[in-house]
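Here is my note for your first look at this model. Keep the sequence and the 3D view open while you read.

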Amino acid sequence: MAFKSLLSVAGADHSDRDVRTAARLCAEVGAYLSVLIMSPPPLVMSPPPLGDGIPEWPGKRAHAALAKRYSQIERFSQDTASWEKTSREIHKLLRATWRCYDVDIANCDQASIGDAVRQRALCNDLTIVGPPFLNDVNLGPLVFNGSLFDTGKPVLVVPEGAEATLSPRRVLVGWDSRVEASRSVREALDLLSGAEEVRVALVDPEATCTGNGAEPGADIAAYLTRHGARVSVDRLASRGKPVAMVLAQQAIDTSADLIVMGVYGSRRLRERLFGGVTRWIVGKPPLPLFLAR
C-alpha cells in the first residue's frame with residue numbers, strides 16, 4: 001500500500017530526532033505527518049476532607065499536606081511548560097522542513113497512553129517508533145502496543161543510528177507462511193515492488209502439502225513477482241540459533257536496508273515482545289524493522 005499519512009509519537013522530554021526522521025520519510029513519499037506529543041499525566045487534586053467548616057489550627061500534618069500539594073503543582077507546571085516548549089519546537093522544525101503536518105498533545109494518564117496512540121494510529125498508514133521510545137521502558141511498550149497490536153496497522157521501528165527510508169534498495173522478508181507474515185508483506189507491497197532486490201528468507205522450512213508448500217517460499221515469491229518485485233528465496237538452517245538471530249545475520253550478509261516481518265504475541269506477551277525487539281537491535285548493526293500483525 002502507498003503511505004500517505006505517517007504518525008510520529010514524541011515525548012515531552014525526548015529530542016526531536018524522531019520527528020526529523022518522520023519528516024524526511026514524508027518528504028520521500030509525499031505523505032502527511034501527524035505528530036502526537038505524550039504529555040505528563042494530569043494533576044488530580046483531591047477534594048478537602050469533609051468537616052464542620054470550623055478552621056483548624058495548622059499542625060505538622062497540615063503543613064506536610066500543603067507542602068505536598070505545592071510540590072505537585074510546581075511539578076505539573078514544569079511538565080506543562082516542557083511539553084508546550086516541545087510543541088513550539090516541533091512546529092518551528094516542521095515549518096522549515098515539511099509543511100503538511102499537524103501536532104497534537106495527548107493529555108492522559110499512563111493507563112490511557114496506549115489508547116491515545118491507538119486512536120491516532122488508526123487514522124494513519126504507518127507509525128514510526130524511534131530510539132527515544134525504544135529506550136523508554138515505561139512509555140515504549142505502551143506506544144508499541146497501541147500503534148501495532150490494537151490497530152492492525154504497521155509500525156516502522158528505527159533503532160539508534162539507523163538510516164530509515166521508505167524507498168529501500170534491498171529488503172529482507174522473514175517468511176513462515178503465517179497470517180502475520182502475509183499481512184506484513186501486504187502492508188509493505190509498495191516498498192517491496194519498488195526495491196532493487198527482495199530476498200524472502202525461510203528458517204528451517206519443511207516441504208509439505210500444506211504450510212510452506214512443496215517448495216517452501218515459491219508461493220510468496222510468485223505473489224511478489226506478480227506485484228513487480230524482483231525476488232529470490234533463501235532457505236536458511238538455524239543450527240540451533242534463534243530465528244531472529246538468523247534473520248538478522250542474513251540481513252547483514254545481504255546488505256539489506258530493511259527487514260519486513262510479522263509479529264506474534266498475545267496480550268500477555270506484548271511487553272515481553274517489545275523487550276525482545278529492543279534486545280534484538282541492541283548490539284547489531286542498525287537496521288529498521290517493518291512490523292505488522
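1. Keep in mind that the model is predicted. Start with α3 and α5, which pack at an angle of about 35°. Their axes lie 7 Å apart. The crossing of these two helices is right-handed. From α3, the contact uses I113, G114, V117, R118 and A121. From α5, L142, V143, G146 and S147 take part.

2. **The buried face of α3.** Helix α3 covers residues 113-121. Which of its residues are buried? They are I113, G114, A116, V117 and A121. Viewed down the axis of α3, these buried residues fall within an arc of 165°, so they line one face of the helix.

3. The buried residues of α3 meet helix α5 (140-149). They also pack against four strands: β1 (5-11), β2 (32-38), β3 (101-106) and β4 (126-129).

4. Find M38 in strand β2. Is M38 buried or exposed? It is buried, because its relative accessible area is 4%, and buried means under 20%. Leaving out residues up to four places away in sequence, M38 touches V9, A10, G11, A12, A106, C108, I113, V117 and F133. Two of these, I113 and V117, are also among the buried residues of α3. Now look at H14: it is 24 residues from M38 in sequence, and the two C-alpha atoms are 9.9 Å apart in space.

5. **The sheet.** How many strands form the sheet? There are 10, and the sheet is open. Trace them in the order β3-β2-β1-β4-β5-β10-β9-β6-β7-β8. The pairing is mixed. At the edges stand β3 and β8 (231-236), each with a single partner strand, so one side of each has no neighbour in the sheet. From one strand to the next, the twist averages 25°. Helix α9 (residues 243-253) packs on the sheet and touches β6, β7 (197-203), β8 and β9. The direction of α9 makes about 155° with that of β7.

6. **An enclosed strand, β9.** Of the 5 residues of β9, 5 are buried, so this strand is largely enclosed by the rest of the structure. Both of its faces are covered. L258, V260 and G262 lie on one side, with I259 and M261 on the other.

7. **The partners of β9.** Strand β6 (residues 170-174) runs parallel to β9 (residues 258-262), and 3 bridges join them. Here V173 stands opposite V260, and L172 has I259 as its bridge partner. Strand β10 (residues 289-292) is also parallel to β9, joined to it by 4 bridges. In that pairing, M261 is partnered by L291.

8. **Salt bridges around R199.** The structure holds 13 salt bridges. R199 makes one with E197, at 2.8 Å from N to O. R199 makes another with D234, also at 2.8 Å. This second pair links distant parts of the chain: R199 sits in strand β7 and D234 in strand β8, 35 residues apart. D234 is buried, with a relative accessible area of 10%. R199 is partly exposed at 22%, and E197 is partly exposed at 24%. Together, R170, E197, R199 and D234 are linked in a network of salt bridges.

9. Where do E28 and R24 sit? Both are in helix α1 (residues 17-29), 4 residues apart, which puts about one helical turn between them. E28 is partly exposed, with 34% relative accessibility. R24 is partly exposed too, at 31%.

Conventions: Residues are numbered from 1 along each chain as its sequence is written. This is a predicted model: local features need pLDDT of at least 70, side-chain atom pairs count only at pLDDT 80 or more; totals for chains, interfaces and linings use all residues. Side-chain values use heavy atoms; hydrogens and water are left out. Buried means under 20% relative accessible area, exposed over 50%, partly exposed in between (1.4 Å probe, protein chains only). The arc is that of the directions from the helix axis to the C-beta atoms. Contact means heavy atoms within 4.5 Å. Two strands pair if DSSP finds at least two bridges between them. Axes are lines fitted to C-alpha atoms, for helices over the stretch in contact, and angles run from 0 to 180 degrees between N-to-C directions. A salt bridge is a side-chain nitrogen of Lys or Arg within 4 Å of a carboxyl oxygen of Asp or Glu. A crossing is left-handed if the near helix is turned anticlockwise from the far one by less than a right angle, and right-handed if clockwise.
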